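Trainee: I would like to go through the labels used for this model and hear what stands behind each one.

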Amino acid sequence: MSLRQYMPWIAGAALVALPFVYRDPYHLHILILILIWSFAYTSWAVMGRFGLVSLGHGGFMGVGAYVTVLLWNHFGLTPWLGIPAALLCSGALAMVVAYPCFRFRITGHYFALVTLALSGIVLQVITATRDHTGGSLGYTPERTKGNHILALQFDDKVVWYLIALGVWVGGLLIWRWIDRSMSRYAMEAISEDEDAAAAAGVNVTAEKLRITVISALMTALAGALYGQYQMFISPDTVSGIGISLQMVFAAVVGGIYVAFGPTVGAIITILLAEALRIGFGTKAVGWDNLVYGVLLVVFIIFLPKGILGSLLASIKTPSKRQNG
Amino acid sequence: MGSFLEIFDIYLLEAVLNGILLGGVLALLALGLNLIFGVIDVTWICYAELVMIGMYGMYYLVQYYGLSYYAAAPLAILLVAALGALLHFLVIAPLLSSPPINQLLATGGVLFVLQSFATVAFGIDFRNLGIRLPILTLGDMHLSYSRLLAFGAALIGMIVVYLFMTRTFTGTAIRAIAQDRQIMALMGVDAKKIYVVTSALGGALAGLAACLLVLQYDVHPFVGLSFGPITFLICVLGGLGNFVGGFVAAFLFAEIISLGGLFSDLEWGYVLAFAFFIVMMFVRPAGLLARRS
């Protein structure tokens, strides 16, 4: 085995060992946020890389977070069962919206706008049912008096770090699994030309549906974890159009065609937001998004493959750049 | 029971009328977005944010510079028109040949920029013009005068655009480009110039909408989110680029929101409208008035 094959294991071991060596709570908190959001952005990119641009992922995330917390607060159902239930809801929602879309060939702009409507609906339903969900003021899972493991509530940041790390690695493994499956070739063919792919024997509707449901399930899991970790969710932080655009943005900045792209996007955007927040203090309200927005526009015009994607491409074909 | 029904009908009628008035402004918003889409083949996700900037423009012109409402309105319209042309020049023009999704995302980035620019520059306070127009009482119904004004101005604006598109050379060129962008270049039409004119026109419509909305709603950096999504849904429901479809869809949506709000909370009106939209996408994916192929 060469060094290259050992690399993931060495990096993994280093990441697992990190909180035991270095346990500054603030830095751990940032790391946990980066890992959870990386996972969320990766789940968007799982379908985004095939040209399926969804602006409804804020909806899936909101369902994941709210269903888990609602089941816990109202029925005392442990998140260990609540999260699968939330995933089921989110998957069902994805099916209900995506199946007719794909069946009736709603693609491109239209698909993006239909899914935009989806995140709008989820946001409005959360706000409208304010008697149960707290509306736009947000919602807090009740603190457990008993078993912390059963309630999935931990005070120790190290535990959360390890959970988030595990989920993030899981996300990368799903990415790799799709990357190496026949689905990837089918989806690439579909994103080039749906009719040609169908003529070549690809079941267009089924392939797209499968990728969408996988993506929705992962996003809902990210939402549920975020809610359990932060112990506070509000329509603005886990749902709606703002979150949908944030996902698209971070994934695009990092690069949606490479596995680590969304992670790089999460690192850049979260560090940027934190740096601006600390640098400007309360005056920073708005500045982080201003920089985000400008970056997004600049990236799409000049670096459509994202930071990591462009970097890897230039490493692979250095001569092309020199000649060009 | 009889008297109950009578009161109920008055409320129903009032809701229907308010829906029609709301529909006028929504139709105006949809017209601008449809124009851009039909001619340049780009969706401005940030369209409602242009309206927001226009509303702030009105606020500052009226409150700080002491202009009267009717003097400030043309200036605000010009401001947003210039912004529309600038948006095309800076963001859309470099992306004209890239995939539509990239254009969509780039204007999504502009949405972030405008929203946070407003947050940084104007703060997150709710502001209003301080102009309160009287409420018209018609029998037992109460209709707000500002809504009537908005409806009337929106209708006039749409008629002016219609005349411009059908009676002037530039308007004809715009419609021709929408039909076939390759051939028109051969016919001696400068497509780039037409795109900029169209963007400015779309911006001007957003500006007009801003002048009308600022009478009814407070301005804050996120005000665009409250009617932006609805505008997209209307355009898609009517068929992107289909002016008549957008017009019909705007009134349908406004009625659903208004009547839904009558029976329950306003949010449920929106939820109903969104749900209606998703159902309609399956029934008529290419738009309300599209012919079935």
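Trainee: At what angle do helix H8 (residues 157-179) of chain A and helix H11 (residues 204-230) of chain A pack, and how far apart are their axes?

Mentor: This is a predicted model. In it the angle between H8(A) and H11(A) is about 170°, and their axes are 12 Å apart.

Trainee: What makes H8(A) roughly antiparallel to H11(A)?

Mentor: Angles over 145 degrees count as roughly antiparallel. The value for this pair is about 170°, so H8(A) is roughly antiparallel to H11(A).

Trainee: Which residues make the contact?

Mentor: H8(A) contributes Trp160(A), Ala164(A), Val167(A), Gly171(A) and Ile174(A). From H11(A) come Ile214(A), Met218(A), Leu221(A), Leu225(A) and Tyr229(A). By class, the residues of this contact are nine nonpolar, one polar and no charged.

Trainee: Why are H6(B) and H8(B) called roughly perpendicular?

Mentor: The axes of helix H6 (residues 169-179) of chain B and H8(B) cross at roughly 105° and come within 10 Å. Angles of 65 to 115 degrees count as roughly perpendicular, and H6(B) and H8(B) therefore get that label. On the H6(B) side the contact is made by Thr170(B), Ala173(B), Ile174(B) and Ile177(B). H8(B) brings Ala191(B), Ile194(B), Val197(B) and Thr198(B). Six residues of this contact are nonpolar, two are polar and none is charged.

Trainee: How do you know that the span of helix H8 (residues 191-213) of chain B agrees with what it should be?

Mentor: At 1.5 Å a residue, its 23 residues should span 33 Å. The end C-alpha atoms of H8(B) are 33 Å apart, so the two values agree.

Trainee: What makes H8(B) mostly covered?

Mentor: A residue is buried if 20 or more other C-beta atoms lie within 10 Å of its own. In H8(B), 18 of the 23 residues are buried.

Trainee: Why does Met231(A) count as exposed?

Mentor: The cut-off for exposed is 12 or fewer neighbours. Met231(A) has 12 C-beta neighbours inside 10 Å, so Met231(A) counts as exposed. Met231(A) is found in the loop between H11 and helix H12 (235-238) of chain A. Its phi is positive, about 60°, although Met231(A) is not a glycine.

Trainee: And why is Asp41(B) partly exposed?

Mentor: Asp41(B) has 16 C-beta neighbours inside 10 Å, and therefore counts as partly exposed. Partly exposed covers the values between the exposed and buried cut-offs. Asp41(B) lies in the loop between helix H1 (2-40) and helix H2 (47-63) of chain B. Asp41(B) is not a glycine either, yet has a positive phi of about 65°.

Trainee: How do you know that chain A agrees with a compact globule?

Mentor: With 324 residues, such a globule would have a radius of gyration near 20 Å; chain A has 20 Å, so the value agrees. The C-alpha atoms of chain A fill a box of roughly 60 × 50 × 45 Å along the principal axes. Of the residues of chain A, 48% count as buried. Chain A holds 17 helices and zero strands.

Terms used. Residues are numbered from 1 along each chain as its sequence is written. Chains are lettered from A and ligands numbered from 1 in the order in which they are written. This is a predicted model: local features need pLDDT of at least 70, side-chain atom pairs count only at pLDDT 80 or more; totals for chains, interfaces and linings use all residues. Helices (H or I, at least four residues) and strands (E, at least two) are DSSP runs, numbered from the N terminus. The expected span of a helix is 1.5 Å times one less than its number of residues. Axes are lines fitted to C-alpha atoms, for helices over the stretch in contact, and angles run from 0 to 180 degrees between N-to-C directions. Angles under 35 degrees count as roughly parallel, over 145 as roughly antiparallel, 65 to 115 as roughly perpendicular and the rest as oblique. Two residues are in contact if their C-beta atoms, placed from the backbone, lie within 7 Å. Ala, Val, Leu, Ile, Met, Phe, Trp, Tyr, Cys and Pro count as nonpolar, Asp, Glu, Lys and Arg as charged, and the others, Gly among them, as polar. The radius of gyration is taken over C-alpha atoms; the globule rule is 2.2 Å times the number of residues to the power 0.38.
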